[in-house]
Each structure stands twice: as C-alpha cells, then as structure tokens.
Amino acid sequence: MQNHADYSKRVEELNSLLEKRDGTNLSKLLRRTNPVDIEEFISTLSAEDALIVFRLLKKEDAIEVFAELDPEDKDKIKKGLNDTEFHSLLGQLDFDDMIDTLEEMPASVVQKILRNTDTEKRKKVNQYLKFPEDSAASLMTPEFVELKITMTVKEALETIKRVGNNKVTVYTCYVTDSTKKLLGYVSLRNLVTSDGDTLISTLLYEDVITVRTDEDQEDVGRTFQKYGFTALPVVDKEDRLVGIITVDDIMWIIEQEATEDFQIMAATTPEEEEYSKMSVWDLAKNRIPWLMFLMISSAFTSTILKSYEAVIQSIIALNMFIPMLTDSGGNAGSQTSTLVIRAMATKDIELSDWAKVVWKECRIGMVCGLFLSVVGFFKCYLFDKVGLEIALMVAVTLFFIVVTAKVVGSLLPIIAKRLGADPAIMASPLITTIVDSLGLIVYFNIAQMFMDVAPI
C-alpha cells in the first residue's frame with residue numbers, strides 16, 4: 001500500500017537515479033511504480049528527461065502512461081521518437097486513446113499517420129474523427145465483445161477467447177442480430193456458468209441502457225452516474241451498435257464539465273488547459289471581457305443613485321445602509337442561483353418546473369427575509385442609533401430585497417436555459433450586479449413611501 005508520503009519518497013528516488021543517469025536501477029524502480037504515478041512524474045520533466053524515462057518503461061506501462069499524458073507531454077515524447085516508433089506506439093493504444101491522441105495533433109501529422117495505416121483501420125479512424133467533439137460518439141471505442149443472437153454458449157466463449165485480448169472489457173458482451181441491431185447483453189459470469197449447448201438468447205438481458213452517437217457528453221455522464229455502469233453501449237439512429245463508452249473516459253468528462261461550470265460561475269471564459277500551465281496573459285484575457293461587462297453593468301447603480309438624489313438628500317442616513325442592503329440581496333441571490341444551477345445540471349429540476357421553483361424560493365425568501373429584517377431592525381435602532389422610522393424602513397427593505405433576490409436568483413438560470421445559454425452564466429457575479437440594482441430601486445421606493453406617510 002502506498003500513501004502520499006511514499007509517493008513523494010518514490011519521486012525523490014526516481015529523480016536521483018535520473019540525475020545519475022543510472023538506467024539499470026531507474027528501470028527497475030519504474031517497474032515497481034504505478035503507471036499513474038509515472039505519468040505524473042513525467043509531466044514534471046524536461047523533454048530530454050521525459051524521453052529517457054519513457055524509453056525505460058516496459059511495453060505495457062509505456063502504452064498506459066502515454067494514453068494518460070496531457071497533449072503537451074505527449075508532444076514531448078512524440079518529438080523524441082522516430083516515425084516507426086511513434087506509429088507502433090499509436091497502433092498499440094486502445095482505439096479511443098488513439099483517437100484522442102490524433103485529435104490533439106495537427107492535420108498534416110494525422111494525414112501522414114493515416115497514410116501508413118491499413119485500409120480498414122484508416123476507414124474506422126476517419127469515421128471517428130468526424131464525430132462532433134462533445135458527442136457521445138467522440139468518446140466511444142469499437143473495442144468491445146460482440147456476440148450474435150444465434151450463438152451457443154460454447155461458440156460465445158470461443159469468440160471471447162479469440163478476440164478478448166484486444167477488447168477494453170469482456171465482462172459484458174453485447175448481442176446483436178445480422179444487421180448489427182443491439183438486442184441486449186449477456187454477462188461473462190452467466191456464460192461461464194452455463195452449459196455449452198445453451199443458446200445465448202436464453203441468457204439475454206433485453207433491458208439494456210444505451211446512449212446515442214449524437215448525445216451530449218454531459219448527458220452521457222449523468223447516465224453513468226444514475227445507473228453506476230462501468231460501460232455503456234452507443235447506438236446510431238437505427239439502434240445499431242457502433243461502440244461502447246467506458247467509465248474511465250466519462251470520469252474525465254464529468255470532471256471537465258464540472259470545471260467548466262465553476263469557471264463560468266466565476267465569471268471567466270472556460271479554459272481547456274490546467275491553471276498551472278497557463279500564462280498570466282492567457283488567464284487575464286479570459287477574465288477581462290467578463291470584468292468589463294460587469295463593470296459597465298454596475299454603472300446602472302450610479303444611475304439609480306442619481307435618480308433618487310432628492311430622497312438621499314432628504315434622508316442622509318439612508319447612505320450608511322446601502323452596503324448592508326445590497327450585500328444581503330447579492331448574497332441571497334447568489335445562494336439561490338448556485339443551488340438552482342446545480343439542480344438543473346443534475347436534472348433534479350427541469351424547465352417545466354420553473355413555477356414550482358420560483359414559488360419555493362419566494363417562500364424561502366420570506367422566511368430568510370423575516371429573520372434578517374428583525375435582526376436588521378434592532379441593529380439599526382440599538383447600535384446605529386437611528387430613528388424608529390428609519391430602522392423600520394431598513395427592516396422592511398431587507399425583507400423585500402431578500403425575497404426579490406431569491407425570486408430573481410431562481411428565475412434567471414431557468415431563463416438562460418430556455419434561451420439555449422448555459423445557466424452557469426447566471427451565477428454569483430452577474431446575479432449580484434442585477435440584484436444590487438433592483439435592491440436600490442426597492443430601497444428608495446420604500447423610503448419615498450415612508451416619507452409620504454410620516455415625516456422622517
């Protein structure tokens with residue numbers, strides 16, 4: 001068993017042997033190191049050292065490590081290999097890993113590689129490269145066990161023995177008819193525990209969950225999470241089996257989609273590269289547009305303050321409570337929008353649920369607003385030493401601002417989704433800007449009402 005401390009010590013040993021150029025002992029240590037840890041270690045090395053380490057790996061580890069490397073690290077290895085070595089490496093990768101690698105390369109390099117590939121494989125690669133980037137088809141692999149409905153258990157096991165070494169999984173075998181239409185699946189457990197003369201049609205699980213080739217990757221991820229599968233079959237519009245998606249591929253997509261949502265919610269353009277590998281300028285240019293937009297949007301606050309200048313001059317004490325009121329509204333709106341966006345992402349709520357969501361958040365706003373307004377009243381009256389009327393005015397304003405913020409925070413992500421935009425854009429920064437403006441309008445209108453009712 002290896003913990004983080006053991007890994008750190010292993011990295012020190014690897015670095016020490018690498019610096020000494022002790023290839024024999026470095027190779028032995030690499031054979032005792034998990035490929036995932038080797039991939040992480042290589043990512044910290046220069047191109048020269050990375051190639052040295054890569055060449056010392058045993059064949060199986062080299063294939064697994066290369067498949068997991070980032071595009072930048074793959075390029076370091078590729079540049080150190082000749083064409084024959086690189087083509088051989090590509091040919092030994094799982095099909096989906098090979099496609100991912102080719103997608104990261106310039107078109108001229110891909111064409112050169114395909115020219116040296118056999119006709120059948122080239123045709124299959126070209127087909128996969130043409131699928132939309134965010135579709136289920138772009139994640140799938142053709143390396144699955146396919147059985148025919150007419151087979152017996154004996155014939156099925158012979159097929160698995162013959163082709164199993166080249167497949168990503170043999171535990172679930174998919175059953176098709178003569179037109180490749182998916183009929184269901186059988187488990188390896190049922191096959192090895194059944195009589196050889198048994199028809200696999202009698203062992204068939206027909207209630208098979210599938211995804212379509214054009215289905216969005218995020219939806220595929222939700223299907224995996226819901227059913228807990230290790231693999232899902234991918235079918236075309238005619239329900240013909242074209243590939244499978246394995247859980248290790250979809251885990252990366254789930255992480256990527258979650259990261260993208262967080263980036264959008266933080267008011268920045270989604271970034272494909274890791275934060276540590278991006279330059280200051282690249283990070284800045286992804287944030288500037290949103291910061292500019294939010295800054296200009298905040299100008300509405302100044303316009304509102306100017307519009308109610310007469311009210312402010314009549315009651316100077318109003319100014320001291322503006323930060324508390326706008327912050328409370330912004331916080332309340334951000335809470336709601338974040339939870340609604342998350343609920344929409346997990347399909348806990350749908351667009352058709354908008355009325356129930358808004359009504360629920362309105363009631364939540366009333367409860368939260370009541371508590372905040374009571375505390376706000378005593379704060380203003382007892383600690384800020386303002387008059388009873390102003391303390392009451394602030395308390396009433398707090399109540400309505402919180403209710404308004406909750407309603408707006410629940411409604412805007414739903415509107416964004418309805419318009420085809422990512423609901424995550426309606427997260428904290430934008431909600432805060434909108435609620436600030438609405439909060440000031442509510443505040444000063446309530447102040448005007450109080451001025452009309454009683455002298456303050």
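Helix H18 is followed by Lys 385, whose phi is positive, near 60°; helices (H or I, at least four residues) and strands (E, at least two) are DSSP runs, numbered from the N terminus. The model is predicted, so that local features need pLDDT of at least 70 and side-chain atom pairs count only at pLDDT 80 or more, whereas totals for chains, interfaces and linings use all residues. Residues are numbered from 1 along each chain as its sequence is written, and side-chain values use heavy atoms, with hydrogens and water left out.

Helix H18 (residues 354-383) has 30 residues and reaches 41 Å from its first C-alpha to its last, close to the 44 Å expected at 1.5 Å a residue, the expected span being 1.5 Å times one less than the number of residues. Its buried residues (under 20% relative accessible area, with exposed over 50% and partly exposed in between; 1.4 Å probe, protein chains only) include Val 357, Glu 361, Gly 365 and Phe 377. The buried residues of H18 pack against helix H17 (322-345) and H19, where contact means heavy atoms within 4.5 Å.

Within helix H19 (residues 388-418) lies Val 408, which counts as buried because its relative accessibility is 14%. Not counting residues up to four places away in sequence, Val 408 touches Pro 413, Ile 431, Ile 434, Val 435 and Leu 438; Leu 438 is 30 residues from Val 408 in sequence, and 9.7 Å separate their C-alpha atoms.

Elsewhere, three strands form an open sheet of mixed pairing in the order S1-S2-S3, two strands being paired if DSSP finds at least two bridges between them.
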